[in-house]
Amino acid sequence: MILRFAGLDDLPAMDRLEKECFEYRRFPIPFLVDFILADGAYTLLSFTEPPGHASTAMGAIMFVVQNTEKGKVGRVASVSVLEKYRNQGLARRLMEEAETIMREAGASSFSLEVAVKNRAAISLYESLGYVVAGKLEHYYGLNEHAHRMEKKAD
Ligand SMILES: CC(C)(COP(=O)(O)OP(=O)(O)OC[C@H]1O[C@@H](n2cnc3c(N)ncnc32)[C@H](O)[C@@H]1OP(=O)(O)O)[C@@H](O)C(=O)NCCC(=O)NCCS
């Protein structure tokens with residue numbers, strides 16, 4: 001597996017991941033562009049080997065390190081893996097890599113939002129040490145509630 005930061009050339013691959021994994025709730029292309037270009041924002045992609053044109057982007061993670069009153073905090077905006085490549089530890093690997101980068105950038109904690117119905121993702125985050133810190137009512141739409149989950153960086 002090849003892991004690298006996304007560039008603008010990767011927009012079609014990122015859009016494919018977004019479409020397959022999030023359907024109508026996907027991030028629009030202009031948001032993906034902003035995320036690739038913004039300071040403090042990171043997008044990591046994992047590709048099949050060998051590198052080259054035939055290489056497929058199997059998964060992605062988008063995250064930011066933000067300055068707050070409490071210092072720097074990391075926030076995971078999205079993690080996605082194409083269905084064909086699931087259950088092989090790819091999301092765990094992407095999360096661990098993102099945490100390392102956020103920690104090195106000075107984040108003292110990590111947070112994310114996840115739909116309360118998304119058992120697979122909640123189980124992934126719990127297995128990595130995230131705990132539910134609050135419920136966000138109607139976060140993804142009417143009756144589409146979310147958990148806010150957090151983890152200390154150390
Ligand atoms: C959630 C998602 C990213 C998991 O990707 P993945 O590469 O298959 O996950 P991994 O193989 O790294 O699994 C790691 C852990 O997550 C949990 N997990 C993953 N898929 C699961 C499932 N279908 N059911 C229950 N637990 C699951 C398990 O705890 C697993 O650990 P284990 O293999 O030791 O049991 C993937 O299903 C996905 O892209 N879903 C659609 C997009 C999405 O919902 N993203 C999260 C938005 S907040």
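**Fold, core and ligand shell**

In this predicted model, the protein chain is built from four helices and seven strands. Their order along the sequence is β-α-α-β-β-β-α-β-α-β-β.

The overall dimensions can be considered next. Along the principal axes, the C-alpha atoms of the protein chain occupy a box of roughly 45 × 35 × 30 Å. The radius of gyration is 15 Å, which agrees with a compact globule, because a chain of 154 residues would then have a value near 15 Å. Of the contacts with a separation of 6 or more, 56% are between residues 24 or more positions apart. Buried residues make up 24% of the 154 in the protein chain.

In soluble globular proteins, nonpolar side chains tend to be buried together. Here the largest nonpolar core comprises 29 residues, and those with the most contacts inside it are Ala 60, Ile 61, Phe 63, Val 76, Leu 94 and Ala 98. Two or more residues each are supplied by helix H1 (11-22), strand S2 (41-47), strand S3 (57-68), strand S4 (71-81), helix H3 (90-104) and strand S5 (109-115). S3 gives the largest share, seven residues.

The ligand is surrounded by 19 residues, the closest being Arg 86, Ala 91, Ala 120, Ser 123 and Leu 124. S4, H3 and helix H4 (119-127) each give two or more residues to this shell. H4 provides the largest share, six residues. By residue class, the shell contains nine nonpolar, seven polar and three charged residues.

Several backbone features lie in loops. Glu 49 and Pro 50 are joined by a cis peptide bond, with omega about 0°; Pro 50 is located in the loop between S2 and S3. Asn 87, in the loop between S4 and H3, has a positive phi of about 60° although it is not a glycine. Asn 87 counts as exposed because it has 9 C-beta neighbours inside 10 Å, where the limit for an exposed residue is 12 or fewer. Asn 143 likewise is not a glycine but has a positive phi, of about 65°. The loop that holds Asn 143 runs between strand S6 (131-136) and strand S7 (146-152). With 7 C-beta neighbours inside 10 Å, Asn 143 also counts as exposed.

Definitions and conventions: Residues numbered from 1 in each chain as written. Predicted model: local features only at pLDDT ≥ 70, side-chain atom pairs only at ≥ 80, totals over all residues. Core = buried A, V, L, I, M, F, W, Y, C linked by C-beta atoms within 7 Å. Buried ≥ 20, exposed ≤ 12 C-beta atoms within 10 Å, placed from the backbone. Rg over C-alpha atoms; globule rule 2.2 N^0.38 Å. Contact = placed C-beta atoms within 7 Å. Near = placed C-beta within 6 Å. Nonpolar A, V, L, I, M, F, W, Y, C, P; charged D, E, K, R; others polar.
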